[in-house]
Amino acid sequence: MRPVVIAGVGMIPFERRDEDSLVDMLAMAGLKAMDDANLGDRPVDAVYVGNMASGLFNHQVSVASALVDRLSLMPAAADRIENGPASGGSAVKNGFLAVASGYCDIVLVVGGEKMREVIGPKATDIVACMTHPNAEYIYGVTLPALAGMFTRLYMEKYGVTREHLTLVAIKNQENGLLNPYAHIQMKITMEGVLTHPQAHVNSPVVADPIHLYDCCPVSDGAAAVLLTTEDIANELKRPIVTIAGVGQATDTHTLQERSDPTDLKAVTIASQKAFSMSGIKPKDIDVAELHDAFTILEIAESEHAGFFPKGQGANALAAGETQIGGKLPINPSGGLKARGHPVGATGVAQIVELVWQLRGEAGKRQVKGAVNGFSLNFGGFGNNVIAFVLRSKS
Amino acid sequence: MDMELEAYLRPPEMPMVPYPPKVITLATSGKMIVRQVDRDAVPILLEAIKPTFEVARDYYDIVGVRLYAELLGWYRYRVRDEFCLVGQIDGLLVGIVNTRCYSPKLGMSLHTLAIERGLRIGAHLFAAKMEYSFEYLKQEEVLITAESPIGFRRWMIEYGLEKRDGQHELGGATPYALTRELYFRNKSRLVAGERPVPLELMQVAEREIIVASEEDILEKILGVKRREI
C-alpha cells in the first residue's frame, strides 16, 4: 500500500441549520476541503459520503450522486457509506483504501447528517433503528437507554461516579467554547448540573444514571477531507499529514450478548490494529478525538484504546490529564458533547480536528507540538468501531 | 383624554396577590432572578421584544408581535387581569412570560419569550408563571396552546397536559390544560427556584432591566455569528 495524505480538510459549523439541505451542507464542506488542498482543476477520482439515515431524516437517498453533480465532479465515482454513527469513519477508511491501493489518486470524503429536520424524539427513534429489531428496539431500547445501562454497570465495576461523568461534560463544553465550529457554546458548572439541590431541573434524567448534560446534542453538520498520494500532496504544496494507521473491528449486535457488557472489545481491537499498522504506540499520541456521544464513552474508550489501564480513565480525567495542556488532551474540539454529533459527519469531523491540530492550525484549542493524533468512531453501541492514527510529517 | 369615555374602555381589574421573587441557579451557575413587573416596566420590555419581529425561526416573529401587543394592551389598560414575569441575570433581561386571568379559577397562558437560549430559560419562566397561577392565585386550571414545536414539547409533552374542547384565547390549535393535580405532580421535576432572593441580587435586578443590543438579541436567538467562518 502506498502512503495516503490528507491534503485538505473542511467543515461547516455544527448547529441547527434550517436554511441548508443535506446536500447543501455536504457541498459546502466538500468545497472547503478542496480549496484547503489547493486542488484547482485537478479531477477527483471518487467521492465517498458518510451518512447514516438521509432517507429517514430528509426523505432523500443517493446523496453521493447528488453531491458529485452539485460540485460538478462528474464523472467521479460516488458512493454513500452507511455504518451507523461510524459512517464517517467508514467513508474515510474506504477513501484511504482507494488511494492506498492505487485505484484512485484523489478522493473526496464527506460526512454529513441533517437531523434537526425532525423533532428530538423522532431523531432518537431513527437513531434507534440501528439496534436489534427483535431483541432491543421492540422493547423500546434507544441509544440513551443502552448508554444508561452501560453507565450503571461501568460505575458499579470501576467506581466511576456522576462527578466523573460531569467532569467530561464540563471539560468538553469548555473546549467547545474555543471551537467556532462547535454546536454548544456554553460553559457549565458542577453546581449548575449536578450538586445544586435543584440541578436536576437543569439536567433532568434521560436514562438513569445519565442526565441531559451527559448526552451529545442532536445536530446538523458536515465535514470533509481530501485524500491523495504523497507526491500529489507535495505538488499541491500542502502540509503532509498522513493516515498512518487504520483499524476496524466489530462486536455482537446486541449489548446483552457480550460476556462482559462493559468490555468494549471492538474498541480495543480496532485501536490495536491502527496502532500496529502505524508503528505508533498509545503513549506517543499527542491528541485524541474520542466518540463521547455519552460522557461515559469518553472514559471507557480512553481505557479500551490503551491510553489508561481499565478503571483508571476516570482518575486520569479527574487529575486533569485529558484537558488541553494535560498529558493526553482528549476531545479538544469539544467532542460530540459540544461540537455536536450529526452522525454521518462525526468520524470525518474527528479527523478534520486532528489535521488542524497536527498542522498547528487549531487556534485557541491548539495542543502544543502535536505530531501524532488518534481518533475513534464508535458505531452502534460498540458493535462497529473504526480507529485512525494520524501523523504529521511537516 | 375623555375620562368618562375612558372609564368605559378601561377593563375592571381582579385583585391579585403579588408573586414573590425567586432565584434559579442555572446550568452555568448563573443566578436568574424571576420577578413580577408592573406596568411601568412595559416600555423597556417592548424594546427587548422588537428585534424578534422578523425572526421566523421557532415562530419568534409571531410570539414577539403577539407578546408586544399583549403587553402594550396591558400597559394602556386595554387587556384585563394580565400579569407579567421576567427573568434577569445580573440585571440583563433574558426572558418574559405573561398570562391573563380569564376568571379567578381559570388562567389563560399567553406567551413565553426566551431571549437567552440553551439554558431552559423559557422552561423555567413558564414553570414560574404556572407556579404563580396555582400556588399564589389559587387557580384550578390554566389553558395553554403553543405556536412553536419547542413550545409543544416543553409544555404539552413535558407536563403531560390534558386536551380540552373549545378554543384558547389565542385562537390556535387544540387547547391543553395544566390542572392543579398535574402541576403539583410535576412540580419537583420542573419547577425550580429559591426564596428569599439575596438582597444584593434583588437590588441589581430592580435597579435596571438591562436590554441587550438588537444585534446581541438576534445572535442569541439565531446563533448567526459563527456563520461567517
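At what angle do helix 2 and helix 3 of chain B pack, and how far apart are their axes? In this predicted model, helix 2 (residues 42-49) and helix 3 (residues 60-75) of chain B pack at an angle of about 170°, with their axes 10 Å apart. Axes here are lines fitted to C-alpha atoms, for helices over the stretch in contact, and angles run from 0 to 180 degrees between N-to-C directions. Helices (H or I, at least four residues) and strands (E, at least two) are DSSP runs, numbered from the N terminus. Helix 2 of chain B and helix 3 of chain B are therefore roughly antiparallel to each other; angles under 35 degrees count as roughly parallel, over 145 as roughly antiparallel, 65 to 115 as roughly perpendicular and the rest as oblique. On the side of helix 2 of chain B, the contact is formed by Val42(B), Leu45(B), Leu46(B) and Ile49(B). Helix 3 of chain B contributes Gly64(B), Leu67(B), Tyr68(B), Leu71(B), Leu72(B), Trp74(B) and Tyr75(B). Two residues are in contact if their C-beta atoms, placed from the backbone, lie within 7 Å. By class, the contact of these two helices of chain B has ten nonpolar, one polar and no charged residues. Ala, Val, Leu, Ile, Met, Phe, Trp, Tyr, Cys and Pro count as nonpolar, Asp, Glu, Lys and Arg as charged, and the others, Gly among them, as polar.

Residues are numbered from 1 along each chain as its sequence is written, while chains are lettered from A and ligands numbered from 1 in the order in which they are written. Because the model is predicted, local features need pLDDT of at least 70 and side-chain atom pairs count only at pLDDT 80 or more, whereas totals for chains, interfaces and linings use all residues. Chain B has an average pLDDT of 95, and 97% of its residues score at least 70; pLDDT is the predictor's confidence in each residue, from 0 to 100. For the complex, the predictor gives an ipTM of 0.92 and a pTM of 0.95.

The contact between the chains takes 21 residues from chain A and 16 residues from chain B. On the side of chain A that touches chain B, helix 8 (190-195) and helix 9 (199-202) of chain A each supply at least two residues. The largest share of that side, three residues, comes from helix 8 of chain A. By class, the side of chain A that touches chain B has ten nonpolar, seven polar and four charged residues.

Within chain A, helix 1 (residues 22-36) packs with helix 3 (residues 63-70) at an angle of about 55°, and their axes are 10 Å apart. That makes helix 1 of chain A oblique to helix 3 of chain A. The crossing of these two helices of chain A is right-handed; a crossing is left-handed if the near helix is turned anticlockwise from the far one by less than a right angle, and right-handed if clockwise. Leu22(A), Val23(A), Leu26(A), Ala27(A) and Gly30(A) of helix 1 meet Val63(A), Ala66(A), Leu67(A) and Arg70(A) of helix 3. This contact has seven nonpolar, one polar and one charged residues.

Helix 4 (residues 87-100) and helix 15 (residues 343-359) of chain A also pack at an angle of about 55°, with their axes 5 Å apart. Helix 4 of chain A and helix 15 of chain A are therefore oblique to each other. The residues that meet include Ser87(A) and Gly88(A) in helix 4 and Val343(A) and Gly344(A) in helix 15. By class, the contact of helix 4 with helix 15 of chain A has seven nonpolar, six polar and no charged residues.

Some local backbone features of chain A follow. The peptide bond from Met74(A) to Pro75(A) is cis, with omega near 10°, and Pro75(A) lies in the loop between helix 3 and strand 3 (77-81) of chain A. The bond from Asp208(A) to Pro209(A) is likewise cis, with omega near 10°; Pro209(A) lies in the loop between strand 5 (205-207) and strand 6 (210-211) of chain A. His59(A), not a glycine, has a positive phi of about 55° and is located in the loop between helix 2 (54-58) and helix 3 of chain A. With 8 C-beta neighbours inside 10 Å, His59(A) counts as exposed; a residue is buried if 20 or more other C-beta atoms lie within 10 Å of its own, exposed if 12 or fewer, and partly exposed in between, with C-beta atoms placed from the backbone.
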